[in-house]
Structure formats: structure tokens, C-alpha cells
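Please view the sequence and the model together before reading on.

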Amino acid sequence: MIKRTLLFGKPAHLTTNKNQLVVKYSDDQQKKTMPIEDIGVVLLEDSQITISHALISKLLGNQVAIITCDAQHLPQGLMLNLNTHHKQVAQMRYRLAASQSLKDRLWKQTIRAKILNQAALLKINNIPAQNMVRWANKVQNGDPANFEGRASAYYWKSLFTDLISKFKRGRFEGEPNNLLNYGYAILRATIARALMVSGLLPTLGCHHSNQYNSYCLADDLMEPYRPFVDQLVLELVRSEEDYADLTPKLKQALLKI
């Protein structure tokens, strides 16, 4: 079954009882419960949330990813179970022994999939994408010609063209980049969780290799899935919902990823 993503955006006390997550809100006398086995991601947003160590242990033991947020309510930290796979050491040895040529072939597959998914999103929104498909088919091992960058420039120039004048994609650029950033953070955590469950170390990437980045492999593998976030954001922008601020309603929509 698909695991649930839970967002806690107001003061609450989280505990556990009989393999259930127990939630007690400060303004509500009634406790709410949910089976831990049904949960995939827990997002802790409010600074006044308290969580018991017993619950943290049970969540991690059930491969739940726990995400904490900063003062601006944006995802900041990620906690994952370290013991997730019965052959974890063997998996890591294979990963460490991977040759550069293998990494380059894997990156080719990843970027080709990303560009084709971007092209598919443009097509279903009636935006020409023949050049994107052509570029995807030209990607070589390691993408030395940087078709990823070429496709990205065209993609972002075209995606919001009828809705936002001179849109520029960037982490610190204007709206709806705030929605994109939030969606990508959730996607990244989901990918990292899947990697840990598979016995793979999220730190060691095929392409991303920043020495300060603990999730290089997650950043690699999330690339083809970014257009799913982009489509959600496109729908939110078209709905004429005010997206200058990340409201609980907008976050709930993005958590569907």
C-alpha cells in the first residue's frame, strides 16, 4: 500500500501506544491515533511540537522518514533508519566499487528519463516538445554535452509562459519557486527513504558529489520525478490560489507527491 505523509503544522504532543501514533493537540482534549505501519513520512513544522523518543524509535523502526522544519516552516532536517536492509553492508560495498563508466551510464539513463518526462509534461499542456525528445535521444554517458542544461533552459522558459511573465527558476527566485522548492524537498525525502530501505547509502551519488551534501544519490535519482512536482505546482498556479505564502492548503496539495 502507499504510505501516508503526515503534516503537523500546529502545537501538538506526539507519543505512541500499541504501535499507534497518538496525537494530542493543545486546543483539543481528544486524542487522535493512526497505525504507524501506514505512515511513510512525518513532517514536523511547528516549533512547539514535542515528540517522545519511544515514538521516534518506532517510526524509524518502521522505515518512516521524519522531517523537521526551520523557522520559516521549510524542510530543514531528515531522520532515517540506519538499519533498513538485511544485506546493507554488501549493498554498500557494491556501491563503493562502482566504476566511473558505470556511473556515467546510470547518469545517462537518469537524464534521458528526466528530459523525456519534462517533454511529456510540456506535451500534455500543449507546449511543443519535439526538441526535448531529440535532445533526450542524444544524451551520452555522463551527459558531456550537457543536454540536461539545454533541456532545462527550454523547459522553464516554456512551462509557465502563459501564466507568469518572465518566470525564472531558482531556489531564491520569486513565486511559484516557493511551491517548487517545498515539493522538491518532500520528493527528496521520499527518495532518500526508499534508498535506505533498499540498502543503498544516499550520500554516495553517481553525479552529485558535493562533500557537504548527505543525500547526493537521492539528488541523482529524484531528477526524473521532478516533473510530477512541476505538474502539481502548475495546477495550483492555474487554480488562481494565492501562492505568495505557503499556506496549509498549499502544503497539503504538495504533500500528495
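The model is predicted: local features need pLDDT of at least 70, side-chain atom pairs count only at pLDDT 80 or more, and totals for chains, interfaces and linings use all residues. Residues are numbered from 1 along each chain as its sequence is written, and side-chain values use heavy atoms, with hydrogens and water left out. Helices (H or I, at least four residues) and strands (E, at least two) are DSSP runs numbered from the N terminus.

**Helix packing**

- Axes are lines fitted to C-alpha atoms, for helices over the stretch in contact, and angles run from 0 to 180 degrees between N-to-C directions.
- Helices α3 and α4 pack with their axes 9 Å apart, at an angle of about 170 degrees; the two are therefore roughly antiparallel (angles over 145 degrees count as roughly antiparallel, under 35 as roughly parallel, 65 to 115 as roughly perpendicular and the rest as oblique).
- In this contact (heavy atoms within 4.5 Å), α3 contributes Arg112, Ile115, Leu116, Gln118, Ala119, Leu122 and Lys123, and α4 contributes Met132, Val133, Ala136 and Asn137.
- By class, the contact of α3 with α4 has seven nonpolar, two polar and two charged residues (Ala, Val, Leu, Ile, Met, Phe, Trp, Tyr, Cys and Pro count as nonpolar, Asp, Glu, Lys and Arg as charged, and the others, Gly among them, as polar).
- The axes of α4 (residues 130-138) and α5 (residues 147-159) come within 10 Å and cross at roughly 170 degrees, which makes α4 roughly antiparallel to α5.
- Here Asn131, Met132, Trp135 and Lys138 of α4 meet Phe147, Arg150, Ala151, Tyr154 and Tyr155 of α5; these residues divide into six nonpolar, one polar and two charged.
- The axes of α5 and α8 (residues 226-238) come within 12 Å and cross at roughly 15 degrees, and the two helices are therefore roughly parallel to each other.
- Tyr155, Trp156 and Leu159 in α5 meet Pro227, Asp230 and Leu234 in α8, a contact with five nonpolar residues, no polar residue and one charged residue.

**The largest pocket**

- The largest pocket holds about 970 Å³ of space, where a volume is the space filled by probe spheres set on grid points joined across faces, edges and corners.
- A pocket is an open set of points on a 1 Å grid over the protein atoms alone, where a 1.4 Å probe fits, with protein on both sides within 12 Å along at least five of seven lines; lining residues have an atom within 4 Å of a point.
- The lining comprises 29 residues, and Pro75, Arg171, Asn181, Ala185 and Arg188 lie nearest the centre of the pocket.
- The lining residues divide into 13 nonpolar, seven polar and nine charged.

**Backbone features**

- Most residues other than glycine have a negative phi, and most peptide bonds are trans.
- The peptide bond from glutamate 175 to proline 176 is cis, with omega near 5 degrees; proline 176 is placed in the loop between α5 and α6.
- Glutamine 63, in the loop between α1 (53-61) and β7 (65-69), has a positive phi of about 60 degrees although it is not a glycine.
- Asparagine 126 has a positive phi of about 60 degrees, again without being a glycine, and is found in the loop between α3 (100-124) and α4.
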